[in-house]
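Please keep the structure open while reading.

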Amino acid sequence: MTLHSRPQPRPGILDISPYVPGKSGPKGAKIHKLSSNESPFGASAMAVAAYKAAGDRLELYPDGSATLLRSAIASRYGLMAENIVCGAGSDELLQMLAHAYLGPGDEAIYSQYGFLVYPIAIQSSGATPVVAPETDYLADVDAILARVTGKTRMVFLANPNNPTGRYLPFSEVRRLHAGLPAGVLLVLDAAYAEYVRRNDYEAGIELVATTSNVVMTRTFSKIYGLAALRLGWAYCPAHVADVLNRVRGPFNISGPAIAAGAAAMADQDFVEGAIAHNDVWLDWLSTELTRLGLEVTPSVGNFVLVHFPADEARNAHAADSYLQAHGFVVRRMDAYGLRGALRISVGSQEANQGLVGCLKAFMS
Ligand SMILES: Cc1ncc(COP(=O)(O)O)c(C=O)c1O
């Protein structure tokens, strides 16, 4: 037995690159935080009221099954509550799925610019991440299928993807599923589904319902404006829900989060308002940034990936510093291997117009 001078994590844990969250900007100064795809709309007043009311009962453990919340989600989408498992953010669900289905010797595939929580979840389970190259910042079904081996256990696909904002039409998602062996779990991460306005898009509900190896994850952090509460949900086949319910913490969702999430689900007028805002300003931002001579990857989410020129004075890092100095906090993309790009969330009218004005000054 090897003697160590201090406790050692499992092999591979120290190879994980920690997730780099969006910056918050200097305290006190007026800043527009456009770095984490949060909602400029805040949360529904009904959700905030339910959250505050839950503050009167903080001494009680929450309902470990989050029944109120799961029934609110089930009735909104016409699903069976037994097939829904909630998590402390969809991040927790992605981690739970990886920990339950992956181990040393296994492989899990994600696409080149896929959400960076996937390699973290895969590596922390002891499995090997396999990266499938993208074409024009879009997941490539053939490239994913070409990487499936006898060791593949999972495929993670964010649709639409963060940070690129691009999406795969549902016919492509079906083709991906059809090409996977039955024992491979396809995780469809639909964190931005509510924002998508395309006839050929589906988040994955039907595919989950009609197959036995697909899970769809969703979040309350984006359109519902509840990122601080950490709340997400997964729609799963019964056998996957059973597995997740065995591995999750018994009280993984807090009482205030259950109350606020259920109220938020019931307030679909609020969601409609946030979608309408995004429709207008996503288009506007994409058009105006393109007019400045920047390349904008076409997005269906609540953010845009903006590519800057290579020269030192006008590159992405210089733009980021300039924006930050003027109160606009956006996201550098170095961790994704996109040093020439910044990701910018759709903000309030004031934030969007201010940001474009600021970049106009920067580019000239
Ligand atoms: C594609 C994608 N999936 C999942 C998440 C995680 O969201 P949360 O853990 O807040 O539910 C995010 C957040 O940025 C995301 O962009």
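Helix H3 (residues 89-101) supplies four residues to the lining of the largest pocket, the largest share. Helices here are DSSP runs of H or I with at least four residues, strands are runs of E with at least two, and both are numbered from the N terminus. The model is predicted, so local features need pLDDT of at least 70 and side-chain atom pairs count only at pLDDT 80 or more, while totals for chains, interfaces and linings use all residues. Residues are numbered from 1 along each chain as its sequence is written, and side-chain values use heavy atoms, with hydrogens and water left out.

The volume of the largest pocket is about 450 Å³. Its lining has 27 residues, and those closest to the centre are Tyr-19, Ser-36, Asp-91, Phe-115 and Lys-222. A pocket is an open set of points on a 1 Å grid over the protein atoms alone, with protein on both sides within 12 Å along at least five of seven lines; a cavity is a set where a 1.4 Å probe fits but cannot get out, and lining residues have an atom within 4 Å of a point. Points are joined across faces, edges and corners, and a volume is the space filled by probe spheres set on them. By class, the lining of the largest pocket has ten nonpolar, nine polar and eight charged residues. Nonpolar covers Ala, Val, Leu, Ile, Met, Phe, Trp, Tyr, Cys and Pro, charged covers Asp, Glu, Lys and Arg, and the others, Gly among them, are polar.

The second largest pocket has a volume of about 270 Å³. Of its 14 lining residues, Arg-57, Pro-62, Asp-63, Gly-255 and Pro-256 lie nearest its centre. Helix H2 (67-77) and helix H9 (255-266) each contribute at least two residues to this lining, and H9 gives the most, with four.

Seven strands form an open sheet in the order E2-E8-E7-E6-E5-E3-E4, with mixed pairing; two strands pair if DSSP finds at least two bridges between them. Strand E2 (84-87) and strand E4 (128-132) are the edge strands, each pairing on one side only. From one strand to the next, the twist averages 25°. H2 packs on the sheet and touches E2, strand E7 (214-219) and E8, with its direction at about 125° to that of E2. Angles run from 0 to 180 degrees between N-to-C directions, and axes are lines fitted to C-alpha atoms, for helices over the stretch in contact. E2 pairs with strand E8 (residues 232-235) in the antiparallel sense over four bridges, and Val-85 stands opposite Ala-234 in E8.

Helix H10 (residues 268-291) packs against helix H12 (residues 349-363) at an angle of about 5°, with the axes 11 Å apart. H10 is therefore roughly parallel to H12, a term for angles under 35 degrees.

Two cavities of 30 Å³ or more are present. The largest cavity holds about 80 Å³ of space, and the closest to its centre of 16 lining residues are Ser-111, Ala-139, Leu-157, Ala-158 and Asn-161. The second largest cavity holds about 50 Å³, and His-277 is one of its lining residues, which also include Glu-38 and Tyr-195.

Technical notes
Parallel < 35°, antiparallel > 145°, perpendicular 65-115°, else oblique. Contact = heavy atoms within 4.5 Å.
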